[in-house]
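Subject: Structure for you to look at, with notes

Dear colleague,

I am handing over the structure below, and my notes on what was found in it follow directly after. Please read them with the structure open beside you.

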Amino acid sequence: MGSESEDDLVIRLVAEPLMQAHPRLAAGLVKAAVATAYEELRYARVRTYLPVLMERRARDLLSSDEQPPSP
């Protein structure tokens with residue numbers, strides 16, 4: 001079986017519920033938002049809340065993607 005890195009595991013565990021919460025968005029877009037959130041937070045000293053913070057940041061990124069473009 002393939003070995004999944006800790007980073008990949010965290011990204012997958014955060015992305016899966018977000019994909020269910022945003023079924024109209026492409027899975028790749030959701031994963032990219034979570035990966036961006038992870039990159040922004042990956043060097044945090046305290047990692048206890050990293051998944052929660054990643055989810056919040058990814059939701060912010062996704063909500064901007066769901067907004068219709070301004071005229």
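Val46 sits in the loop that runs between H2 and helix H3 (50-66), where helices (H or I, at least four residues) and strands (E, at least two) are DSSP runs numbered from the N terminus. This is a predicted model, in which local features need pLDDT of at least 70 and side-chain atom pairs count only at pLDDT 80 or more, while totals for chains, interfaces and linings use all residues. Residues are numbered from 1 along each chain as its sequence is written, and side-chain values use heavy atoms, with hydrogens and water left out.

Val46 has a relative accessible area of 58% and is therefore exposed (exposed means over 50%, buried under 20%, and partly exposed in between, with a 1.4 Å probe and protein chains only). Together with Tyr49, Val52 and Leu53, Val46 makes a nonpolar surface patch of about 400 Å²; patch residues have over 30% relative accessible area and no salt bridge, with like charges joined within 9 Å and nonpolar side chains (Val, Leu, Ile, Met, Phe, Trp, Tyr) within 5 Å. A salt bridge here is a side-chain nitrogen of Lys or Arg within 4 Å of a carboxyl oxygen of Asp or Glu.

As for the whole protein, there are three helices and zero strands, and 24% of its 71 residues are buried.

The largest nonpolar core holds 16 residues, of which Val14, Leu18, Val34, Met54 and Ala58 touch the most other members; such a core is a set of buried Ala, Val, Leu, Ile, Met, Phe, Trp, Tyr and Cys residues joined through side-chain atoms within 4.5 Å. H1, H2 and H3 are the elements that give two or more residues to this core.

In H1, the buried residues are Val10, Ile11, Val14, Ala15 and Leu18. Val14 touches Val34, Pro51, Met54 and Glu55, if residues up to four places away in sequence are not counted, a contact being heavy atoms within 4.5 Å.

Ala37 belongs to helix H2 (residues 27-41) and is buried, because its relative accessible area is 0%. Leaving aside neighbours within four places in sequence, Ala37 is in contact with Met54, Arg57 and Ala58. The C-alpha atoms of Ala37 and Arg57 are 5.7 Å apart in space, although the two residues are 20 apart in sequence.

With best wishes

Methods: Accessible areas come from the Shrake-Rupley method with a 1.4 Å probe; for residues, only the protein chains shown count as cover.
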